[in-house]
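Subject: Structure handover

Hi there,

Here is the structure I promised to pass on to you. Have a look at it first, and then read on for what turned up.

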Amino acid sequence: MVPSDEEKEAIGCDHEDTRSENFVWIKPSPSEKVHSPAQKRQFCPKCGKIKYQGSATAKKMGFYVNILKEIQRKMDVLYKRKMANSKLTQVQVRLILKELEEDEEFNDRFSNNQHNQWGHFKFAIKRHCDIPEELVESIYRDFKG
Ligand SMILES: [Zn+2]
């Protein structure tokens with residue numbers, strides 16, 4: 001069945017860029033490390049979301065899938081060496097990915113950024129399995145380059 005326009009709205013917005021005369025002034029968030037008190041920012045004229053214009057643009061899901069695979073590989077090695085009590089199972093990976101896929105904000109590469117995504121990602125891992133945070137962080141650093 002083809003969704004109606006109203007249903008499409010509920011699923012999510014495909015975001016349009018505003019023309020420059022329609023930019024809005026907003027205060028940057030503390031995490032953005034911007035020295036100016038306010039910035040001109042682009043927003044989506046359809047849903048009103050502010051576009052993220054920093055350098056840490058949000059990643060596609062494949063980036064996080066690869067990180068999970070690497071965590072899984074490393075946990076297997078640690079488990080075999082009896083340096084870890086648990087592994088990252090396929091079921092846990094599926095649950096983590098499902099949670100992230102259903103999270104509209106996580107997948108919104110228009111307004112979201114990589115820092116926020118990383119926080120969500122770590123939180124989702126913690127909810128489903130017991131993986132040392134240092135391991136997760138070190139793999140992230142390798143992938144980020
Ligand atoms: Zn929008």
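A word on terms before the fold: helices (H or I, at least four residues) and strands (E, at least two) are DSSP runs, numbered from the N terminus. On that basis the chain has six helices and two strands, and they follow the order α-β-β-α-α-α-α-α along the sequence. Please keep in mind that this is a predicted model. Of the 145 residues in the chain, 31% count as buried. Among contacts with a separation of 6 or more, 60% are between residues 24 or more positions apart.

The zinc site

Let me start with the metal. The zinc ion has four protein donors, namely C13 (SG), H15 (ND1), C44 (SG) and C47 (SG), at 2.1 to 2.4 Å. Along the chain these donors are spaced as C-x1-H-x28-C-x2-C. What is the arrangement of the four donor atoms around the zinc ion? It is tetrahedral, because the angles they subtend run from 100 to 113°. For reference, the ideal angle for four tetrahedral donors is 109.5 degrees.

Helix α2

Next comes helix α2, which covers residues 61-80. The helix has 20 residues and spans 29 Å from its first C-alpha to its last, close to the 28 Å expected at 1.5 Å a residue. Its buried residues are M61, F63, Y64, I67, L68, E70, I71, Q72, M75 and L78. Which helices do the buried residues of α2 pack against? They pack against α3 (90-101), α4 (104-107), α5 (114-128) and α6 (133-144).

V77 is also found in helix α2, but V77 is partly exposed, with a relative accessible area of 32%. From V77 to K87 the C-alpha to C-alpha distance is 9.2 Å, and the two residues are 10 apart in sequence. Just after α2, K82 takes a positive phi of about 60°.

The aromatic rings

I think you will enjoy this part. The count of aromatic pairs comes to seven. One of them is Y64 with F121, a tilted pair with 5.0 Å centre to centre and 45° between the planes. Since Y64 lies in helix α2 and F121 in helix α5, this pair ties together parts that are 57 residues apart in sequence. Y64 and F121 are both buried.

F121 has a further partner in W118. Is the pair of W118 and F121 stacked or edge-to-face? The ring centres are 5.3 Å apart and the planes are at 25°, so the pair is stacked; the cut-off for that is under 30 degrees. W118 and F121 are three residues apart in helix α5, and therefore separated by about one helical turn. Both ends of this pair are buried: W118 has 6% relative accessibility, and F121 has a relative accessible area of 0%.

Ring pairs also join F63, Y64, F106, W118, F121, Y140 and F143 into a cluster. One member of that cluster, F63, has a charge over its ring: the charged end of K59 sits there, 4.9 Å from the ring centre.

Key
Residues numbered from 1 in each chain as written. Predicted model: local features only at pLDDT ≥ 70, side-chain atom pairs only at ≥ 80, totals over all residues. Heavy atoms only, no water. Donors = N, O, S within 2.8 Å, 3.2 Å for Na, K, Ca; no water. Tetrahedral: all angles 85-135°; square planar, octahedral: opposite > 155°, others 65-115°. Expected span 1.5 Å × (residues − 1). Buried < 20%, exposed > 50% of the residue type's maximum accessible area, 1.4 Å probe, protein only. Contact = heavy atoms within 4.5 Å. Phe/Tyr/Trp six-rings, centres within 6.5 Å; stacked < 30°, edge-to-face > 60°. Lys NZ or Arg CZ within 6 Å of the ring centre and 35° of its normal.
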